Amino acid sequence: MQYWINHNGVQSGPVDLDALKQMGLTSDAYVWHEGLSDWVKITQLPELQGLYEMTEAVAEVSQAGPVTAGQPITEFAQEASVENNPVAPVEQPQAPAGQPYQQQPYQAPQPQYAGPQPDEAEPCPPTNLVWAIISTVLCCLPTGIVAIIYATKVTNKYRMGDIEGAKRDSETGAWWCIASIVLGIICQPLVSALPVWLASMR
Amino acid sequence: MRRPLIILLVAALLLVLGLVYYALDPSSSTLFPRCTFLSLTGYKCPGCGSQRAVHALLHGDLAGAFRYNALLLIAIPWIALCLYAESRRTRNPRLYARLNAPLLIWLFLAMVLIWWLLRNIFNW
């Protein structure tokens, strides 16, 4: 399996799992491989679990601890890279570092362009604003105005990082849109047709 | 597979509605629904006149459309832009986020409410 990495805004890849382990990624890195529809946080891939924890622990120890504590770890890391070297030359000709995206053997749409930045990894949930506006202007009901207010709540919560809350408000807003369109397009003509009907019955 | 079908259905519905609103004049025909808010309260709602405005618009009468419902005419470009952003929400999240900025939405809501008030005061 080949991985593409987006770490601190820098993209790299493709690399295999062993090479990925050498990269010293932290839990804020984003990873993509074939079969994923979008970048995911490294913490979301089960096969990479523990990897970033180890590098973070190393970073913490080497930052906090004295030089003596740091040395065994760097030695360990060097050993590990030597151990993995026999594998690396086999993989590297396929993915020259200079032009990482030119030689993809299969379709990989995401890494071909710059890729979504980490802050855009999760797009804003639908605000339903268009449907709220259409139902307000055409169906003229207070329910459309409620839907507009829910649209603001979705964007507000998304900007504050509350993705779950934004998704909930997005769904509630969608129901208000459906309600106002159903009421406006089905019930309103019925109500307006009723007096005409009653008059013709007499 | 589902998305093209929905788009096709919506396009067909819009075409039929467009033909109906082009052929028949809502101000003289009794086929079209009347606004419930207007018949119940005697006051115009923000959407009153939209059907006549659409009829005028389909006949190329911009001034007439503006007279029937100015809000509709102003909202159409905005709605078109929002629809475009909506269709590219995951591919172009920035445009979507910009169009859905809370400030813009509040401004639009304020515009609707002020329009509602003014049209009943000045009988627009």
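A:Asp169 and A:Lys157 form a salt bridge in this predicted model, with 3.1 Å between the closest N and O atoms; the term stands for a side-chain nitrogen of Lys or Arg within 4 Å of a carboxyl oxygen of Asp or Glu. The pair links distant parts of the chain, twelve residues apart: A:Asp169 lies in helix H8 (residues 163-201) of chain A and A:Lys157 in helix H7 (residues 142-159) of chain A. Helices here are DSSP runs (H or I, at least four residues), numbered from the N terminus. Side chains of opposite charge can pair when their charged atoms come close. A:Asp169 is buried at 8% relative accessible area, while A:Lys157, at 23%, is partly exposed; buried means under 20%, exposed over 50%, and partly exposed in between (1.4 Å probe, protein chains only). Over all chains, the structure holds one salt bridge.

Between chain B and chain A the salt-bridge count is zero. Their contact (heavy atoms within 4.5 Å) takes 33 residues from chain B and 29 residues from chain A. About 2600 Å² is buried between the two chains, 75% of it from carbon and sulfur atoms; this is the accessible area (1.4 Å probe) lost on putting the two parts together, summed over both. On the side of chain B that touches chain A, helix H5 (70-87), helix H6 (93-99) and helix H7 (102-122) of chain B each supply at least two residues.

Residues are numbered from 1 along each chain as its sequence is written, and chains are lettered from A in the order in which they are written. Local features need pLDDT of at least 70, side-chain atom pairs count only at pLDDT 80 or more, and totals for chains, interfaces and linings use all residues, while side-chain values use heavy atoms, leaving out hydrogens and water.
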